[in-house]
Amino acid sequence: VTAAKSLARSAVDEIRAVIFELSSDGNIDLRRALREVIEDVVAGTRLQVGLRTYGSSQSLPGATQHALVQIARESLFNVVRHANAGHAWLALRWEPTRVRLVVADDGGGDVALVRRRLHAYAPAGQHFGLSGIAGRVRELGGSTSVRRRRGGGVSLSVEVPHPEAWDAG
């Protein structure tokens, strides 16, 4: 049953990616897409989620945009399911050579456990929660980090380089 659920989830992720690419031509308003994720995730929960963006938005490939949206979705679902948090925050920061997405909460998450699961093995093409997030980020040439949030809770940071940064390197 677990394997079937994982395969189904992977198939749904792939279908979503194709639909996303076809419907958006890779050009979406990432802030609006993240707002929609927040609305989907918090519907029917007591979790309150804020979103802040910093810097000037820049064009990213559709696959990168899709990955960031799915990472935000999975991270917030994890907060709802596991953190027992009242608040969560998303921050999207546009920097000259990369884009950074931070998802933080005020829950009771165990940073060491989150780190272990973030770096756990997930077979190629399959996304299992935190290891799936790390896999998506690795596929984009990025990095993940997790730390204890000041004031309690966990903060997950994802950094993905701009494709122009790859070309320059």
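Which residue in E5 is the bridge partner of Leu-101? It is Val-158. The legends below cover this pair and its surroundings in a predicted model.

**Figure 1. Overview of the protein chain.** This predicted model contains 6 helices and 5 strands. Along the sequence, these elements follow the pattern α-α-β-α-β-β-α-α-β-β-α. The chain has 169 residues, and 46% of them count as buried. Among contacts between residues at least 6 apart, 68% join residues at least 24 apart.

**Figure 2. The open sheet of 5 strands.** The strand order is E1-E2-E3-E5-E4, and the pairing is mixed. Strand E1 (48-54) and strand E4 (143-148) stand at the edges. Each has a single partner strand, so one side of each is left without a neighbour in the sheet. From one strand to the next, the twist averages 15°.

**Figure 3. Strands E2 and E3.** E2 covers residues 87-94 and E3 covers residues 98-105. The two run antiparallel and are joined by 7 bridges. Within this pair, Arg-93 stands opposite Arg-100 in E3. Arg-93 also meets a ring: its charged end sits over that of Tyr-54, 4.1 Å from the ring centre.

**Figure 4. The surroundings of Trp-94.** Trp-94 lies in strand E2. Its relative accessible area is 10%, so Trp-94 is buried. What does Trp-94 touch, not counting residues up to four places away in sequence? The list is Leu-30, Tyr-54, Gly-55, Ser-56, Ser-57, Gln-58, Leu-60, Val-99 and His-162. One of these, Ser-57, is 37 residues from Trp-94 along the chain. The C-alpha atoms of Trp-94 and Ser-57 are separated by 6.1 Å.

**Figure 5. Strand E5 and its two partners.** E5 runs antiparallel to E3, with 7 bridges between them. Leu-101 and Val-158 are bridge partners here. E5 also runs antiparallel to E4, and 6 bridges join these two. On that side, Val-146 has Leu-156 in E5 as its bridge partner. The hairpin of E4 and E5 has 5 residues between the strands. In this hairpin, Gly-151 takes a positive phi near 95°.

**Figure 6. The two faces of E5.** Is E5 mostly covered or mostly uncovered? E5 is mostly covered, with 8 of its 8 residues buried. In a regular strand, side chains alternate between the two faces of the sheet. On one side of E5 are Val-154, Leu-156, Val-158 and Val-160. On the other are Ser-155, Ser-157, Glu-159 and Pro-161. Both faces are covered, and the residues on each are all buried.

**Figure 7. Helices H4 and H5 against the sheet.** Helix H4 (residues 111-118) lies across E4 and strand E5 (154-161). H4 runs at about 165° to E4. Helix H5 (residues 129-139) packs on the sheet as well, where it touches E4 and E5. The direction of H5 makes about 20° with that of E5. Of the 11 residues of H5, 9 are buried, so H5 is largely enclosed by the rest of the structure. The buried residues are Gly-129, Leu-130, Ser-131, Gly-132, Ile-133, Ala-134, Gly-135, Arg-136 and Val-137. Just after H5, Gly-141 takes a positive phi of about 80°.

**Figure 8. The contact between H4 and H5.** At what angle do H4 and H5 pack? The angle is about 55°, and the axes are 7 Å apart. H4 is therefore oblique to H5. From H4, the residues that meet H5 are Val-114, Arg-117 and Leu-118. Their counterparts in H5 are Leu-130, Ser-131, Ile-133 and Ala-134. In an α-helix, residues three or four places apart point the same way, because there are 3.6 residues a turn.

**Figure 9. Val-114 in close-up.** Val-114 is found in helix H4. With 15% relative accessibility, Val-114 counts as buried. Leaving aside neighbours within four places in sequence, Val-114 is in contact with Leu-130, Val-146 and Val-154. Arg-147 is 33 residues from Val-114 along the chain. The C-alpha atoms of Val-114 and Arg-147 are separated by 9.1 Å.

Terms used
Residues numbered from 1 in each chain as written. Predicted model: local features only at pLDDT ≥ 70, side-chain atom pairs only at ≥ 80, totals over all residues. Heavy atoms only, no water. Lys NZ or Arg CZ within 6 Å of the ring centre and 35° of its normal. Pairing = 2+ DSSP bridges. Helix = DSSP H or I, 4+ residues; strand = E, 2+ residues; numbered from the N terminus. Axes fitted to C-alpha atoms, helices over the stretch in contact; angles between N-to-C directions. Contact = heavy atoms within 4.5 Å. Buried < 20%, exposed > 50% of the residue type's maximum accessible area, 1.4 Å probe, protein only. Parallel < 35°, antiparallel > 145°, perpendicular 65-115°, else oblique.
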